[in-house]
Amino acid sequence: MITIEVNIGWNHKNYCASVDNQIPGAIVVTEKDFDKIKTAVAESVLFHIEGMIADGETVPKWLIDGDYQFKWHLNTSALLQRCEQYTSMAAIARVTGINKHLLSHYANNLKTPSKKQHDRIVEGIHKIGRELLLVE
């Protein structure tokens, strides 16, 4: 099975997804909802494959057979937007030690964190998740 890398960002109140170069051509999708962006990417890939076949392009067998899965990569703004339905910026700020105002700038794509800051945010969100899993 081939893994198709999908990069997801947040811009102007929309999730924006682009499929990496495993598939010839460009596939870019936008949606307001995270679950909808995942569905739209899957549908766009199928539509793109159909178009490639109709145009007589060479299409890898694994694409035709549907022998692929998606791996979702969220940038910091998309990640924070996604997590807001499950936790608050205040909670993420407390667990990461990153100022809530700065997190808001990251979430709204006004500032871009360093890789170290991004990793710190991811670890903080994971910590919140681990703590919630302990609840019985």
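Let's start with His118, which is buried, with a relative accessible area of 18% (buried means under 20% relative accessible area, exposed over 50% and partly exposed in between, with a 1.4 Å probe and protein chains only). This is a predicted model, in which local features need pLDDT of at least 70 and side-chain atom pairs count only at pLDDT 80 or more, while totals for chains, interfaces and linings use all residues. Residues are numbered from 1 along each chain as its sequence is written, and side-chain values use heavy atoms, with hydrogens and water left out.

- His118 sits in helix H6 (residues 115-133); helices (H or I, at least four residues) and strands (E, at least two) are DSSP runs, numbered from the N terminus.
- Not counting residues up to four places away in sequence, His118 touches Leu74, Asn75, Thr76, Leu79 and Pro113, where contact means heavy atoms within 4.5 Å.
- Ile27 belongs to the loop between E2 and strand E3 (28-31), and Ile27 counts as buried at 6% relative accessibility.
- With neighbours within four places in sequence set aside, Ile27 is in contact with Ala17, Ser18, Val19, Ser44, Val45 and His48.
- For a sense of distance, the C-alpha atoms of Ile27 and Tyr86 are separated by 29 Å, and these residues are 59 apart along the chain.

**Aromatic pairs**

- You will find five aromatic pairs in the structure; rings of Phe, Tyr and Trp (its six-membered ring) pair if their centres lie within 6.5 Å, and planes under 30 degrees apart count as stacked, over 60 as edge-to-face and the rest as tilted.
- Tyr15 and Phe34 make an edge-to-face pair, with 5.5 Å centre to centre and 70° between the planes.
- Tyr15 lies in strand E2 (residues 14-19) and Phe34 in helix H1 (residues 34-54), so their pair ties together parts that are 19 residues apart in sequence.
- Both Tyr15 and Phe34 are buried.
- A cluster of Trp62, Tyr68, Phe70 and Trp72 is linked by ring pairs.

**Helices H4 and H5**

- The axes of helix H4 (residues 89-96) and helix H5 (residues 100-107) cross at roughly 115° and come within 9 Å; axes are lines fitted to C-alpha atoms, for helices over the stretch in contact, and angles run from 0 to 180 degrees between N-to-C directions.
- On the H4 side, Met89, Ala90, Ile92, Ala93 and Thr96 meet Lys100, Leu103 and Ala107 of H5.
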